[in-house]
Every structure is written in C-alpha cells, then in structure tokens.
Amino acid sequence: MPRIVASHGLGDSAATWNAVARYLGAEGVDVDTWDLSGHGEAAAPDLPYGVDVALGQLRDVIAAGSVPVVLMGHSFGGYLSLRYVLAHPDQVAGLVLVATGPGFRSDEKRAAWNRYLDKAAARMDIAPGVEEVARQYDSIVIDGLSSITVPTLVISGDRDTRFHAGGDHLAARIPGARHDLIRDAGHHPHVDAPAEVGRRVTALIDPL
C-alpha cells in the first residue's frame, strides 16, 4: 500500500492525526504528518504566507519518501491536498478529504469566506498573518474537481452540518468519489472516531 501524507487544518497541528496514524500503523500503513508554518513545532513563516508556499512545503514532505502517496487532509489540509493533486496528479495515488470544502466559484462567496477567516483566525493560537495561507482568491479547486482520477474518500462528522454540502459537492464532482458521514462526530471526525475513520481509510487504500 502507498504511504499516506496527512495535512492538518488551520489552527491545528500534526498531532491531530496521532490516533488515526496509530490505527493505520497497526494495519501496516505508513503515515507521514507535518506542521504547517506557524503551527505545532514549525516556526512562524516569513510573510506573506500564501497557499503556494504551503504547496511547496507539502511537496518537500512527499519527496522525502516513496511516491505516489495517498494525500489525507483535514479542512484546509484537505483543500491543500486538492490543490496539490490538480498540480501534480502523477504523485498522488488517492485522496482522503476530511471535513473539506471545494472552495468557491463566485467572488462574493470567496469574499464572505475571507471575512469569516479573519474572525476565525482571531480565536486561534496562531501568529498574525499565518491565516493568509487559507485565504481564497480563485476557483482552481472547484473548477478542477472533474479532472481528478484517483480513488477519493470524503469524510464528514454527522454533527458538522456546515461542511456537509461541501462534502456532497466533492463526491458529486470527483469521479467515483463517495461521501461518508461518521456518526457522533463533529468537525474533527479523525479525533472523535479515529478507529472508524481509520477503517474506512484502510478500505480505500488496500487495493492500491
């Protein structure tokens, strides 16, 4: 089975994957996690810190081991994984998108997201400017979903209703993808129900 490279969401750290990584490790799956700049053990970034910098960091993590990989991402980490597979499809064997949205096609919705991001970042334990990595300026991801050809699993917590529509959209637009709801889980189903998430991830990648 290919190794997994797992990316966390804004305001979290690589540690958010610990329980799922233990489950998958017991199943013989290698999981590499990493910290976005300004998160966990990673130093604060030079500013401006945009998505292109984060994509370069993800590229370095991928290049440190065997390729292709399965990209697993939570929230912004899932969006980053989508950006990566669209740019480097030959390096990706599968996708696991946890509590992830596809971005926005309209300028108005992107502007609303960016306003929400400013408010949310103020509540997070991150340095000023780090939130810029999640700011949205284009529709690259949502416009490119139908070109993704790797096996894809979308996971949401059943209580995380704000992300259900985005998960449904991903599953509808990515060929062959499915959207699974994890019972009694919120925005971090990999933390709330790691064994259930791990079981579904293993089923996805076992044939790869």
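**A group of aromatic rings**

Tutor: Let's start with Tyr116, which is partly exposed, at 33% relative accessibility; that term covers values between buried, under 20% relative accessible area, and exposed, over 50% (1.4 Å probe, protein chains only). This is a predicted model, in which local features need pLDDT of at least 70 and side-chain atom pairs pLDDT 80 or more, while totals for chains, interfaces and linings use all residues. Residues are numbered from 1 along each chain as its sequence is written, and side-chain values use heavy atoms, leaving out hydrogens and water.

Now look at Trp113, whose relative accessible area of 22% also makes it partly exposed. The ring centres of Trp113 and Tyr116 lie 5.5 Å apart with the planes at 45°, so this pair is tilted. Rings of Phe, Tyr and Trp (its six-membered ring) pair with centres within 6.5 Å; planes under 30 degrees apart are stacked, over 60 edge-to-face, and the rest tilted. Both residues sit in helix H4 (residues 107-122), a DSSP run of H or I with at least four residues. There, Trp113 and Tyr116 are three residues apart, about one helical turn.

Across the whole structure, a search finds three aromatic pairs. Another of them joins Phe104 to Trp113: this pair is tilted, with 6.4 Å from centre to centre and 40° between the planes. Phe104 is partly exposed too, its relative accessibility being 26%.

To trace it in the model, go from Phe104 to its ring partner Trp113, then from Trp113 on to Tyr116.

Methods. Helix = DSSP H or I, 4+ residues; strand = E, 2+ residues; numbered from the N terminus.
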